[in-house]
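Subject: Structure handover

Hello,

Here is the structure I promised to pass on. Please open it alongside this note.

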Amino acid sequence: MEAYLDNAATTRCSARVQELVKQTMDADFGNPSSMHRKGFEAECQVRQAADKIAKTLKVSEKEIIFTSGGTESNNLALIGAAMANQRLGRRLITTQVEHASVLRTMEYLQEQGFEVLYLPVNNEGIVDLDALREAVDAQTVLVSVMQVNNEVGAVQPVALAADIVHRQSPQALFHVDAVQSYGKMLIRPKKLGVDLLSVSGHKIHAPKGVGFLYKREKAKISPILFGGGQQAGMRSGTYNVPGIAGIGEAAAQAYENIEANVRHMRQLKERLLAQAASIEGVVRNGGGSESESAPHIVNLSFPGVRSEVLLHALEESHIYVSAGSACSSSHPTASHTLKAMHTAPQLLESALRFSFCADTRQEEVDAAAAKLQELVPKLRRYTRR
């Protein structure tokens with residue numbers, strides 16, 4: 001059997017999403033900017049998608065900007081906020097464990113003359129709020145903190161962080177990378193104090209190449225793409241109608257049975273942890289308590305076996321996991337997240353990420369656990385030789 005346990009990297013498009021995407025390609029294929037009926041039909045698909053997404057967040061559909069995915073959403077939020085508000089200050093703050101699309105963007109902004117501070121985390125991957133309090137000053141215009149870490153599943157105290165930011169620097173915008181949290185927990189940006197929030201479609205059973213940015217109506221950001229002025233000038237370019245329709249349907253589907261889905265994923269996670277515990281020396285990296293840990297991600301180290309070796313050994317049995325963030329897996333360097341958590345070297349080089357979705361079956365987890373129990377002792381003996 002095949003066991004796909006790499007859902008934090010990407011998910012399979014749901015049947016409902018595939019059906020709607022096909023409809024937009026076959027029937028509602030017009031350009032939403034066209035003034036004839038075909039254009040109107042496509043525009044309706046875009047509006048319906050925005051409405052579906054807005055309902056999941058309890059925000060206005062006018063506050064949803066469609067993008068090509070999480071990376072573009074993060075770039076638009078960070079560069080757009082920094083450039084639009086630089087007269088108020090040039091201090092930007094993030095954490096040491098953000099996704100590469102945030103960290104590389106912050107590096108770019110540093111090159112443009114902005115000051116960027118990187119907050120430390122504890123050994124569970126949770127941001128140091130005292131360091132945030134010390135970092136936020138009157139020159140701070142943007143703070144970016146991911147909600148769920150993509151490698152270890154640590155859940156950041158977003159509401160507390162937002163409160164600190166807005167109390168100490170009312171002018172600052174607070175951005176959240178919600179790529180790994182959207183669809184896995186209830187998110188209410190206005191209650192949380194979030195001004196900007198990034199989401200990617202292919203993490204929630206929508207097609208690749210589509211995402212969105214929630215932008216609080218009064219939040220000031222500058223566009224980073226220029227052209228025909230679509231989406232109120234915030235993101236020019238012809239609408240990706242199939243992708244937009246797909247992410248709208250996927251969003252609605254994700255929140256239909258979210259409590260049952262989260263419960264199912266957490267049960268799978270606990271099942272894997274219980275079975276993996278029989279493997280000598282196995283260590284869980286980060287995550288903390290249930291409230292500090294996402295339901296769908298678990299990171300384990302198997303000292304004595306390199307992660308790439310174990311990954312490919314599992315692959316031979318049609319079990320698919322990750323050795324880190326999929327966005328940088330082609331560059332086999334030690335995880336910056338695990339380094340920031342002060343993880344020991346032998347754990348760094350032997351870490352694997354297992355991630356689930358609502359469709360993951362118990363049999364898949366059991367198959368992976370059984371194969372790990374078989375492979376790890378064998379590979380350790382081979383390595384010692």
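This is a predicted model: local features need pLDDT of at least 70, side-chain atom pairs count only at pLDDT 80 or more; totals for chains, interfaces and linings use all residues.

Residues are numbered from 1 along each chain as its sequence is written, and side-chain values use heavy atoms, with hydrogens and water left out.

**The sheet**

Seven strands form an open sheet with mixed pairing, in the order 2-8-7-6-5-3-4. Strands here are DSSP runs of E, at least two residues, numbered from the N terminus. Two strands pair if DSSP finds at least two bridges between them. Strand 2 (64-67) and strand 4 (115-119) are the edges, each pairing on one side only. On average, neighbouring strands are turned by 20° against each other, direction ignored; the axes are lines fitted to C-alpha atoms.

**Strand 7 and its neighbours**

Strand 6 (residues 173-177) pairs with strand 7 in the parallel sense, over three bridges. Histidine 175 has leucine 196 as its bridge partner. Valine 176 has leucine 197. Strand 8 (residues 211-215) pairs with strand 7 in the antiparallel sense, over five bridges. There, serine 198 stands opposite leucine 213.

**Buried or exposed?**

Five of the five residues of strand 7 (residues 196-200) are buried, so the strand is largely enclosed by the rest of the structure. Buried means under 20% relative accessible area (1.4 Å probe, protein chains only). Both faces are covered. Leu196, Ser198 and Ser200 lie on one side, Leu197 and Val199 on the other.

Best wishes

Conventions: Buried means under 20% relative accessible area, exposed over 50%, partly exposed in between (1.4 Å probe, protein chains only). Helices (H or I, at least four residues) and strands (E, at least two) are DSSP runs, numbered from the N terminus. Axes are lines fitted to C-alpha atoms, for helices over the stretch in contact, and angles run from 0 to 180 degrees between N-to-C directions.
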